[in-house]
Amino acid sequence: MKIGVFALQGAFAEHSAMLHRLGVESREIRQRADMNDSFDGFILPGGESTVMRKLLLELGLQQPLSEQLDHGVPIFGTCAGLLLLAKQVENGPTCLSRMDIAAKRNAYGRQLGSFTTVAPFAGIDSIPMTFIRAPYISRTFGAAQPLAEVNGKIVAAQQGNMLVTAFHPELTADTRVHAYFLDMVRRAAQKAS
Ligand code: GLN
């Protein structure tokens, strides 16, 4: 199994480290040629969604990634990655427009810009959640299913092979959300073979 971690900006190194801890091979994707490799799944990290969007477009990465997603290759987007996958974004541009979620960018305002909490995540139990100038999901529609809520707001969702969290599991010591994603990747690979 090999996971491609988009390493354009933001918290990509922490995702690579988490995958390493879980014994999974990963490779950082920085330019279009890196997409010639074959990947079983992708991670779009947190950072600044407008900058990441610009880089994805300028580096010609959006199209090859979209093709992989068309083929059903799983993807995990955290925070800014969630915004890049959303079909609707309040206070920001859309990018890949793949998931049936409406997201509110910088939803917690300045005061609550960053915080940590513990809340239940469907199928896992309670997990620590670190939010940094995070979005939340104002609603899911179509095929997207909420997986976690904090203060009445959806902060994680799944739609088929796509998983998003408004928080940063890669910044905690808890590996369970990544393990959840890797299960999705394993199941997708089994289905394809
Ligand atoms: N506020 C950032 C954005 O709009 C997201 C923050 C994050 O990824 N930690 O892209």
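Author: Let's begin with contacts: two residues are in contact if their C-beta atoms, placed from the backbone, lie within 7 Å. Keep in mind that this is a predicted model.

Reader: Okay, which residues is I132 in contact with, leaving aside its neighbours within four places in sequence?

Author: They are G46, C79, S114 and H168. I132 itself sits in strand β8, which covers residues 125-132.

Reader: And is I132 buried or exposed?

Author: The general idea is to count neighbours: a residue is buried if 20 or more other C-beta atoms lie within 10 Å of its own. I132 has 20 C-beta neighbours inside 10 Å, so it counts as buried.

Reader: What about R133?

Author: R133 is partly exposed, because it has 17 other C-beta atoms within 10 Å. You'll find R133 in the loop between β8 and β9 (136-140). Not counting residues up to four places away in sequence, R133 touches N106, G113 and S114.

Reader: Which residues does UniProt list for "binding site"?

Author: The unreviewed UniProt entry gives G47, E48, S49, R105, I132 and R133. They're spread over 87 residues of sequence, yet they cluster in space, with a largest C-alpha distance of 12.7 Å.

Reader: How many residues surround the ligand?

Author: There are 13, and the closest are G46, S49, C79, A80 and R133. By class, that shell has five nonpolar, five polar and three charged residues.

Reader: Where does UniProt place the "active site"?

Author: At C79, H168 and E170, again in an unreviewed entry. These cluster in space too: the largest C-alpha distance is 11.1 Å, although they span 92 residues of sequence.

Reader: Where does C79 lie?

Author: In the loop between β4 (75-78) and α4 (80-85). With 29 other C-beta atoms within 10 Å, C79 is buried. Beyond its sequence neighbours within four places, C79 is in contact with G46, I132, A134, P135, A166 and H168.

Reader: And where is E170 found?

Author: E170 is in the loop between β12 (162-165) and α5 (176-192). E170 is buried, with 27 other C-beta atoms within 10 Å. Setting aside neighbours within four places in sequence, its contacts are A11, E14, H15, M18 and T78.

Reader: Zooming out, how many helices and strands does the chain have?

Author: Five helices and twelve strands. Of the 193 residues, 44% count as buried. A compact globule with 193 residues would have a radius of gyration near 16 Å, and the chain's 15 Å agrees with that.

Methods: Residues are numbered from 1 along each chain as its sequence is written. This is a predicted model: local features need pLDDT of at least 70, side-chain atom pairs count only at pLDDT 80 or more; totals for chains, interfaces and linings use all residues. A residue is near a molecule or strand if its C-beta atom, placed from the backbone, lies within 6 Å of it. Ala, Val, Leu, Ile, Met, Phe, Trp, Tyr, Cys and Pro count as nonpolar, Asp, Glu, Lys and Arg as charged, and the others, Gly among them, as polar. Helices (H or I, at least four residues) and strands (E, at least two) are DSSP runs, numbered from the N terminus. The radius of gyration is taken over C-alpha atoms; the globule rule is 2.2 Å times the number of residues to the power 0.38. A residue is buried if 20 or more other C-beta atoms lie within 10 Å of its own, exposed if 12 or fewer, and partly exposed in between; C-beta atoms are placed from the backbone. UniProt positions are given in the numbering used here, feature names are shortened, and annotations may be inferred rather than shown by experiment.
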